[in-house]
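Colleague: I should like to go through this model with you, strand by strand. Please show the sequence and structure first.

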Amino acid sequence: MMASGVVLAHSPGEHAKVYFKNLKDGDTISIPYKVEFGIEGYGIVPAGTTDKRRHTAGHHHLLVDHPGSPDLDEPLPHSKYCMHFDNGETETELNLPPGKHTLQLLLGDETHEPTDPPLMSKKITIMVR
């Protein structure tokens with residue numbers, strides 16, 4: 001029997017979260033824009049990390065204008081909808097075309113599979129002018 005409060009490998013605790021530090025739903029931005037990723041209750045490591053840290057950390061993926069929902073049971077593919085931050089980056093410069101865009105963060109493990117349960121931000125909509 002497991003003691004309550006024990007975090008299983010690749011399983012963020014109930015208080016873990018990822019979020020945008022400097023963007024919120026409905027914001028209008030000018031390009032280029034440096035977006036910052038936040039995380040609480042879990043760690044950040046580069047993709048491919050093989051030591052013990054891989055069990056309590058992951059790396060960010062930024063879903064941009066993703067149609068529908070990503071498959072949470074498979075590794076996240078490299079695509080125009082999914083930006084990978086394999087080196088453990090916690091920010092990036094956005095250079096999106098003018099118009100409305102959706103953004104969402106999703107944490108992946110060392111092989112790009114979403115954590116279980118998924119550590120995913122709320123999907124936000126922004127305007128680029």
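Colleague: Which residue in S9 does Thr102 stand opposite?

Modeller: This is a predicted model, in which local features need pLDDT of at least 70, side-chain atom pairs count only at pLDDT 80 or more, and totals for chains, interfaces and linings use all residues. Residues are numbered from 1 along each chain as its sequence is written, and side-chain values use heavy atoms, with hydrogens and water left out. Strands are DSSP runs of E, at least two residues long, numbered from the N terminus, and two of them pair if DSSP finds at least two bridges between them. S8 and strand S9 (residues 124-128) pair antiparallel over 5 bridges, and the residue opposite Thr102 is Thr125.

Colleague: What is the bridge partner of Leu63 in S8?

Modeller: Strand S5 (residues 57-64) runs antiparallel to S8 and is joined to it by 6 bridges. The partner of Leu63 is Gln104.

Colleague: How many residues of strand S8 are buried?

Modeller: Buried means under 20% relative accessible area (1.4 Å probe, protein chains only). Strand S8 covers residues 99-108 and is mostly covered. The buried residues number 8 of 10.

Colleague: Over which residues is the pLDDT below 50?

Modeller: pLDDT is the predictor's confidence in each residue, from 0 to 100. The chain averages 91, and 93% of the residues score at least 70. Where pLDDT is low, the predicted coordinates should not be read in detail. The stretch below 50 is residues 1-7.

How values were computed
Buried means under 20% relative accessible area, exposed over 50%, partly exposed in between (1.4 Å probe, protein chains only). Helices (H or I, at least four residues) and strands (E, at least two) are DSSP runs, numbered from the N terminus. Contact means heavy atoms within 4.5 Å.
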